[in-house]
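Subject: Structure handover

Hello,

Here is the structure for you to look through. My notes on what was found in it follow below.

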Amino acid sequence: VVTEGVLVRKAASGDEAGEDDPHVWHDPENAAVMVANIAEALAAADPSLASTFAANAQVYRARLDEVEREVRALIDAIPEQNRKVVTNHDAFGYFFARYGLEFVGAVFPNSSKEGQASAKELAALSDIIKAEGVKAVFAEEEVDPKVARELAKDSGVRVVTGLYADSLGPPGSGADTIDGMLLANARKISE
């Protein structure tokens, strides 16, 4: 589905399955469309600066294209059998679809990070992690990793913290812009 030039995907799991996934910024092509839309809106609001807005949008589009290549190289270096991912919640669908990663499951049973998984759901996810050969459970920076740590421990895999799903990183973190966040997440996943 395309809305205002942005590809909209459906959530993959849990209570939100089939509903529009709001995490559109995890695909750099969607981010580029949003930048162009913002530049157009700013130009309409202040036509005297239209050329400045267009030039800035073009510079940022080039940066997103560069990050796209860097992220692609990082993910392509991961052996295909290791491209199976478990996260805190279903927030990376755009990223996974773009780069060929397989979403296996989420610690929280819906696309919200506020849901609670039952012990039965976590045991089932642990079984899936083992059966699928998942190498790590990824926890977002914005979510307490306690449950993800326990799931990883029970599954015999690593927990990797510090992915950015619903926010950017703090100033100076390297993940404080969309392009920086995409690259920081790709580096964590590829490690």
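**Helix packing**

Helix α4 (residues 119-132) packs against helix α5 (residues 146-155) at an angle of about 50°, and their axes lie 9 Å apart. That makes α4 oblique to α5. Before going on, note that this is a predicted model, where local features need pLDDT of at least 70, side-chain atom pairs count only at pLDDT 80 or more, and totals for chains, interfaces and linings use all residues. Residues are numbered from 1 along each chain as its sequence is written, and side-chain values use heavy atoms, with hydrogens and water left out.

Some terms now. Helices (H or I, at least four residues) and strands (E, at least two) are DSSP runs, numbered from the N terminus. Axes are lines fitted to C-alpha atoms, for helices over the stretch in contact, and angles run from 0 to 180 degrees between N-to-C directions. Angles under 35 degrees count as roughly parallel, over 145 as roughly antiparallel, 65 to 115 as roughly perpendicular and the rest as oblique.

Which residues of α4 and α5 meet? From α4 come Leu122, Leu125, Ser126, Ile129 and Lys130; from α5 come Val147, Leu151, Asp154 and Ser155. Contact here means heavy atoms within 4.5 Å. By class, this contact of α4 with α5 has five nonpolar, two polar and two charged residues. (Ala, Val, Leu, Ile, Met, Phe, Trp, Tyr, Cys and Pro count as nonpolar, Asp, Glu, Lys and Arg as charged, and the others, Gly among them, as polar.)

Next, α2 and α6. They pack at an angle of about 5°, with axes 9 Å apart. α2 and α6 are therefore roughly parallel to each other. On the α2 side, the contact residues include Tyr60, Leu64, Val67 and Leu74; on the α6 side, they include Ile178, Leu182, Ala186 and Ile189. The contact of α2 with α6 divides into eleven nonpolar, one polar and four charged residues.

α2 also packs with α1. The axes of α1 and α2 come within 9 Å and cross at roughly 175°. α1 and α2 are therefore roughly antiparallel to each other. Among the α1 residues in contact are Pro28, Glu29, Ala32 and Val35; among those of α2 are Phe53, Tyr60, Arg61 and Leu64. By class, the contact of α1 with α2 has twelve nonpolar, no polar and three charged residues.

**Pocket and cavity**

The largest pocket holds about 250 Å³ of space. Its lining has 17 residues, and Asn82, Lys135, Ile189, Ser190 and Glu191 lie nearest its centre. β3 (84-87), β5 (136-140), β6 (158-163) and α6 (178-190) each supply at least two residues of this lining. α6 gives the most, with three residues. The lining of the largest pocket has nine nonpolar, two polar and six charged residues.

On a 1 Å grid over the protein atoms alone, a cavity is a set of points where a 1.4 Å probe fits but cannot get out, and a pocket is an open set with protein on both sides within 12 Å along at least five of seven lines; lining residues have an atom within 4 Å of a point. Grid points are joined across faces, edges and corners, and a volume is the space filled by probe spheres set on the points.

The structure has one cavity of 30 Å³ or more. What lines the largest cavity? Pro28, Glu29, Ala32, Arg61, Leu64, Asp65, Glu68 and Arg98 do. α1 (28-45) and α2 (50-76) are the elements that give two or more residues to this lining. α2 gives the most, with four. By class, the lining of the largest cavity has three nonpolar, no polar and five charged residues.

Best wishes
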